[in-house]
Amino acid sequence: MNPFIRTFASAAIVSLLSVAAQAAEIKAGDLVITQAWSRATPGGAKVAGGYLTIENKGATADRLIAGAADVAGKFEIHEMSMDNGVMKMRQLDKGLPIEPGKTVKLAPGGYHIMLMDLKGPLKEGEKVPVTLQFEKAGKVQVTLDVADIGAKSPDDAGGSMMKMDHKGHSGMKH
């Protein structure tokens with residue numbers, strides 16, 4: 001098979017799989033949870049971040065108040081913010097409000113879940129079950145898709161496509 005066609009076909013399949021993974025949505029009461037993901041962690045790491053999007057389609061506020069994951073000894077909800085040019089992270093002791101008609105995105109550099117005291121590394125391609133606890137919607141099971149260690153979003157392969165060994169027509173590596 002032509003190397004160009006093989007490369008194009010591989011990229012198309014990865015794109016389709018990525019879209020299929022993004023399509024998963026979980027409904028809990030008036031909440032819709034999408035794009036649940038995490039990053040792979042290096043061996044020996046004791047913490048990992050969890051990210052997702054929560055949309056409140058209802059008329060009353062809800063609040064993400066707690067959670068749990070078998071892969072971690074501790075689950076916390078955190079916020080990162082800039083304070084006089086210094087990035088600070090703090091636990092949200094009262095949880096994260098999800099106002100009616102609003103969407104809250106948990107993403108790197110902002111709100112996020114902290115999985116602490118990891119029992120082992122998170123590996124790219126794994127699916128990590130997590131239980132979220134909402135004030136009104138109750139307990140909700142979601143699965144974090146583990147992306148590349150350098151991923152910045154759930155559809156970012158973190159450069160993993162660049163790591164593939166493709167040869168061009170001249171036989172030289174790209």
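Tutor: The questions below concern a predicted model.

Student: Which residues form the aromatic pair, and what is the angle between the planes?
Tutor: A search of the whole structure finds one aromatic pair. Its members are Trp37 and Tyr51, with 4.7 Å centre to centre. Planes under 30 degrees apart would count as stacked and those over 60 as edge-to-face. The pair of Trp37 and Tyr51 is tilted, the angle between the planes being 40°.

Student: Which strands hold Trp37 and Tyr51, and how many residues apart in sequence are the parts that the pair ties together?
Tutor: Both Trp37 and Tyr51 are buried. Trp37 lies in strand 2 (residues 31–39) and Tyr51 in strand 3 (residues 47–56), so the parts tied together by the pair are apart in sequence by 14 residues.

Student: In which sense do strand 4 and strand 7 pair, and which residue stands opposite Leu64?
Tutor: Strand 4 (residues 62–68) pairs with strand 7 (residues 96–98) over three bridges, in the antiparallel sense. The residue in strand 7 that stands opposite Leu64 is Leu96.

Student: How many bridges join strand 4 to strand 10, and which residue is the bridge partner of Ala68?
Tutor: Strand 4 and strand 10 (residues 127–134) run antiparallel and are joined by four bridges. The bridge partner of Ala68 in strand 10 is Thr131.

Student: Is His78 buried or exposed, and which side chain joins it in a polar contact?
Tutor: His78 is found in strand 5 (residues 72–83). Buried means under 20% relative accessible area, and His78, at 6%, is therefore buried. The side chain that joins His78 in a polar contact of 2.7 Å is that of Glu76.

Student: Which residues does His78 touch, not counting those up to four places away in sequence?
Tutor: With residues up to four places away in sequence set aside, His78 touches Met89, Arg90, Gln91 and Leu92, among others.

Student: With which residue does Glu76 form a salt bridge, and how far apart are the closest N and O atoms?
Tutor: The count of salt bridges comes to six, and one of them involves Glu76. Glu76 is buried, with a relative accessible area of 9%, whereas Lys74 is partly exposed at 40%. Glu76 forms the salt bridge with Lys74, and the closest N and O atoms are apart by 3.3 Å.

Student: Which strands hold Glu79 and Arg90, and how many residues apart in sequence are the parts that the pair ties together?
Tutor: Glu79 forms a salt bridge with Arg90, the closest N and O atoms being 2.8 Å apart. Glu79 lies in strand 5 and Arg90 in strand 6 (residues 86–91), so the pair ties together parts that are apart in sequence by eleven residues.

Student: Are Glu79 and Arg90 buried, partly exposed or exposed?
Tutor: The cut-off for buried is under 20% relative accessible area. Glu79, at 17% relative accessibility, therefore counts as buried. Arg90 has a relative accessible area of 47% and is partly exposed.

Student: What is the phi of Gln35, and what is that of Asp117?
Tutor: Gln35 has its place in strand 2 and is partly exposed at 28% relative accessibility. Asp117 lies in strand 9 (residues 111–118) and is partly exposed, with a relative accessible area of 48%. Although Gln35 is not a glycine, its phi is positive, at about 50°. Asp117, also a residue other than glycine, has a positive phi near 55°.

Student: Which residues touch the most other members of the largest nonpolar core?
Tutor: In soluble globular proteins, nonpolar side chains tend to be buried together. The largest nonpolar core here has 30 residues, and those that touch the most other members are Ile54, Leu115 and Leu132. Among the elements that give two or more residues to this core are strand 2, strand 3, strand 5 and strand 8 (103–106).

Technical notes:
Residues are numbered from 1 along each chain as its sequence is written. This is a predicted model: local features need pLDDT of at least 70, side-chain atom pairs count only at pLDDT 80 or more; totals for chains, interfaces and linings use all residues. Side-chain values use heavy atoms; hydrogens and water are left out. Rings of Phe, Tyr and Trp (its six-membered ring) pair if their centres lie within 6.5 Å; planes under 30 degrees apart count as stacked, over 60 as edge-to-face and the rest as tilted. Buried means under 20% relative accessible area, exposed over 50%, partly exposed in between (1.4 Å probe, protein chains only). Two strands pair if DSSP finds at least two bridges between them. A polar contact is a pair of N or O atoms within 3.5 Å; within protein, one must be able to donate a hydrogen and the other to accept it, and residues adjacent in sequence count only if both atoms are side-chain atoms. Contact means heavy atoms within 4.5 Å. A salt bridge is a side-chain nitrogen of Lys or Arg within 4 Å of a carboxyl oxygen of Asp or Glu. A nonpolar core is a set of buried Ala, Val, Leu, Ile, Met, Phe, Trp, Tyr and Cys residues joined through side-chain atoms within 4.5 Å.
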